[in-house]
Each structure stands twice: as C-alpha cells, then as structure tokens.
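Hi there,

Here is the structure I promised to pass on to you. Have a look at it first, and then read on for a short tour of what turned up.

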Amino acid sequence: MRPSPAQFDMTIAAIRTVLPLKAPADALLRQFFREHPMIGQNDRAIIAEIVFGILRHRIFLECLTEKITPHSLLLAYLAKFEGMNLRELATFINDSEAKWLARIKAISSTSQSLTIQAEFPEWLVEKLQKFMSDNEILELGQALQCPAPLDLRVNTLLAKQDEVLATLNQQGIEANATPYSPIGIRLTGKPAINKNPLFLSGKIEVQDESSQILGYLLAPRRGEMVVDFCAGAGGKALMLGALMHSQGRIYAFDISEKRLNNLKPRLKRSGLSNLHPQRINNENDARIKRLQGKIDRVLVDAPCSGLGTLRRNPDLKWRQSPQSIDELKTKQTVILTSAAKLLKPGGRLVYATCSLLPEENQEIIEHFLSENASCFTRLNCAHILSQQNIPLDTGEYLQLFPNLHHTDGFFAAALERSKENLA
Ligand SMILES: C[S@@+](CC[C@H](N)C(=O)[O-])C[C@H]1O[C@@H](n2cnc3c(N)ncnc32)[C@H](O)[C@@H]1O
C-alpha cells in the first residue's frame, strides 16, 4: 500500500476523525466518508486499510513516536508495516522526520515488552495471564493483528456449497471450502461480494466460520420452536432458518430496533418464511414471559467485550476496560437466566460470545449451573459436532482461537434442560 500525496492527506484527516474512538472505528470511518463524498471507492479502500492497519499496530507505533499525531502515526506505519523506504516517503517528510524514520526502521518489535508485541493493553495481558502462558498470549496477539479473511455461508435453502464454489471460481474469485463448517467458503482476497449475483440472490451471506459452527451446536430441526435471544442483524438466525428448511418458527429477539432493521433486507434475500424478528424492551419483556417453557432450542449470542474479533475491530482494545467487562458479566448472567426459562424440558440452549475471557464464558456458565443444578446439564460440544461429522474437538466447551483455528476467537457452551421444573 503506497498512498499518493492526495491519499496521504486524506488518510491523515481520516485518522484525526477516527482516533479519539468516541464510537466504533468502522462507524467513524463511514461518517468520515459520508462527510467527504468526493473520495472515490479506490481511495476509500486504501484509506480504510491504512487506518485499520494503524489501529492494529497502534501500541507499537505509539511507542516509536515521540509526539503522537495522525501525521507521525501514519509515517511510522508506512515505514514499519508497509515497508516504504525514505526515498518513497521523501515527499511527506522533513529532515528531522527522515532521521527519526531511519532510527525507528532499525527497531524490532521482538525486543519489546509482551504488551507491545501482542498489541494488548496492560489490563488485558493481566487478565489473559491468569490462564495462558506468555508464549500463548504472544501467538494470540500476533494472530489478532492480521486482517480476517472473508468467510461466506452458503444458504442451503437456495444453493449447495460445491455449486457456489464452482460459480465463484468461474468468476475468477479464489475460494475454498472452510475446514470445519460444511456450508462455509473462505475467499483468498476481498472482492466486493455485496454486488455479486450470488449475494444479491440470497445464495450466500458473509459470516465468519466460527459463527457457522454455532448453528451446528444448536442443531435446530424442521418444525421446531426456536428463539435467537440476541439476534442483532440476524446472521445466526438466518442460518438457523436454513438448517430448519424454513419449517417451524424462529423468533429473532433483540432490544435494538436498528439492528433488527438490518436483518430485514437479508431476510428478504434469504427466501426464509419461518423467521420472525421482534424487538423486546429487555430480557424480561412480556413476549419472553409468554413463551416460557415452550421453546425447543434457544440461542444466546450474548453481548460481550468482542475481544475475539480484534482482527476486524482492533479499536475494541481501547473501547473496553475492566469496568465495561464487569458490566457485561452482569448483563450476560441476567440474559442467560431469562433465556433459559424459555426451554421446554429436554430443550437445548447454546450460550456463546466472541470474547476470549473465561469471566464472560466458562464462569458465566458455571455460575448458572451452580444455581440451576437440578434443571440443567452441560452437553459436550465436541460430541455434538462429531455427530454431525464436524471434526472439531475443543472439549466440553467450544473454544476457537484465530491462531489455532483461523476464525475469530469464539466460545460456546451447550446446555440441556432436564425433565424437572425450573426453580
Ligand atoms: C453479539 S450481538 C448478537 C449478534 C447476532 N447474533 C448476529 O449474529 O448478528 C449481541 C446482541 O445482544 C443485544 N442485546 C443486548 N442486551 C439485550 C437484552 N437484554 N436482550 C436481548 N438482546 C440484547 C444487542 O443489541 C446485540 O444486538
């Protein structure tokens, strides 16, 4: 990535808008582009790639920079991570910047502290050190600094994986089947898939492989009553609908009208007729109460710190904190407790997050099980997946890591309600 002088100036303006991180970086960047409509598609792609590159390496870049400004961060990034030499940077720098860049070119990240090498803030390293070795933290941090590949899910209501792969290859798009999800496709590059006829006709959706695995853990069957408790824009609900061959009923609940509205065009493309998005006020909404004890399968894709998605959302490192995680834990516990009451005896609940932290994952489940010991048992995730010929054994819980599984960091637990009544 070698920006032209015009792109260099636009990127500085974009960094100035994004870096205070008063909102998610992708939303701030979209706002920047809306405010600068004359910036063309090609320039936008270059600016976005550089801004996200800077966010991915921000901790190291800041420690190389005496006075942290959008200009100095951009220069340090281009020199260290885009391999630009002083001659290529000459139009952007003065003599003292040339000396500084020559000096930092020689500084290797491997001589830095774990926090800098892993690109994790101090508080996060401390949390990870409770259950990971420093080497594991480093490998995880390095994997999270790489951009995520583009994964697709084939909508099995309208297409088959091999047909979609053949069509993509005919279009000159390099694509392969994902290693674990039987309906996943991983693209090598980043084509504009949302203009592709396969996307426009509902045959494919963009979905990370880790999220696809969740559908197989819940494994809803035709004709069942299913709730996606935190459906958001419905990525997982749409997959559940296809697994059910559009038979039965899925309620897609969420407290956010805006997110549920984003589900509507996807639902239209999908060809599903069994998915019902409904906004709820909170986890104790009257709609939830009316469905208690009537549901076969419940998915709780809980609001979480999102730290497993740092490849896509590197800004979360600064937007989360130990305090925000404490607040999320309270929310996760109340949502799980309420969602569990929906289940019929014999029904299955899957609790999932894209967090890397046991306090949002195993500890939430273990606390729930200790309070509801007579009513719920934990199912073995590896066993559920192997029954569906998915060779993914991470034990009782599903735990995916970008450095090991090439997916987002992801956690899931599967619970079954026993025949006895709930407390
Ligand atoms: C991790 S996101 C879900 C993403 C979604 N499942 C998907 O695949 O696109 C968590 C969602 O939980 C919703 N949420 C937060 N508090 C909630 C509550 N009390 N009840 C239901 N949903 C809630 C948020 O609005 C957010 O959309």
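Which residues does UniProt list for "domain: SAM-dependent MTase RsmB/NOP-type"? The unreviewed UniProt entry gives residues 140–418 for that feature. Please keep in mind that what you see is a predicted model. In this model, the span 140–418 is 36% helix and 23% strand, and its end C-alpha atoms lie 37 Å apart.

**Around the ligand**

Next, look at the ligand. It is surrounded by 19 residues, and the closest are C230, G232, G235, S256 and D301. Two elements give two or more residues to this shell, namely helix 14 (235–243) and strand 6 (249–254). Sorted by class, the shell holds nine nonpolar, five polar and five charged residues.

Is helix 14 largely enclosed or largely open? Nine of its nine residues are buried, so helix 14 is largely enclosed by the rest of the structure. Among these buried residues are G235 and K236 at one end and A242 and L243 at the other. After helix 14 comes H245, which has a positive phi, near 55°.

For "binding site", the unreviewed UniProt entry lists D254 and D301. They span 48 residues in sequence, yet no two of their C-alpha atoms are more than 10.6 Å apart, so they gather at one spot.

Let's take them in turn. D254 is found in strand 6. A residue counts as buried when 20 or more other C-beta atoms lie within 10 Å of its own, and D254 has 23 such neighbours, so D254 is buried. Leaving aside neighbours within four places in sequence, D254 is in contact with C230, A231, G232, R259, L260 and R279.

D301 sits in strand 8. This residue is buried too, with 23 other C-beta atoms within 10 Å. Not counting residues up to four places away in sequence, D301 touches C230, K236 and A352. You can find C230 in the contact list of D254 and in that of D301, and C230 is also among the residues closest to the ligand.

**Strand 9 and its partners**

Which strands pair with strand 9? On one hand there is strand 8 (residues 295–301), which pairs with strand 9 in the parallel sense over six bridges. Here I295 stands opposite L343. On the other hand there is strand 12 (residues 410–417), which pairs with strand 9 in the antiparallel sense, over six bridges. In that pairing, Y351 stands opposite A413. Eight of the 11 residues of strand 9 (residues 343–353) are buried, so this strand is largely enclosed by the rest of the structure.

Best wishes

Terms used:
Residues numbered from 1 in each chain as written. Predicted model: local features only at pLDDT ≥ 70, side-chain atom pairs only at ≥ 80, totals over all residues. Near = placed C-beta within 6 Å. Helix = DSSP H or I, 4+ residues; strand = E, 2+ residues; numbered from the N terminus. Nonpolar A, V, L, I, M, F, W, Y, C, P; charged D, E, K, R; others polar. UniProt positions renumbered as here; feature names shortened; annotations may be inferred. Buried ≥ 20, exposed ≤ 12 C-beta atoms within 10 Å, placed from the backbone. Pairing = 2+ DSSP bridges. Contact = placed C-beta atoms within 7 Å.
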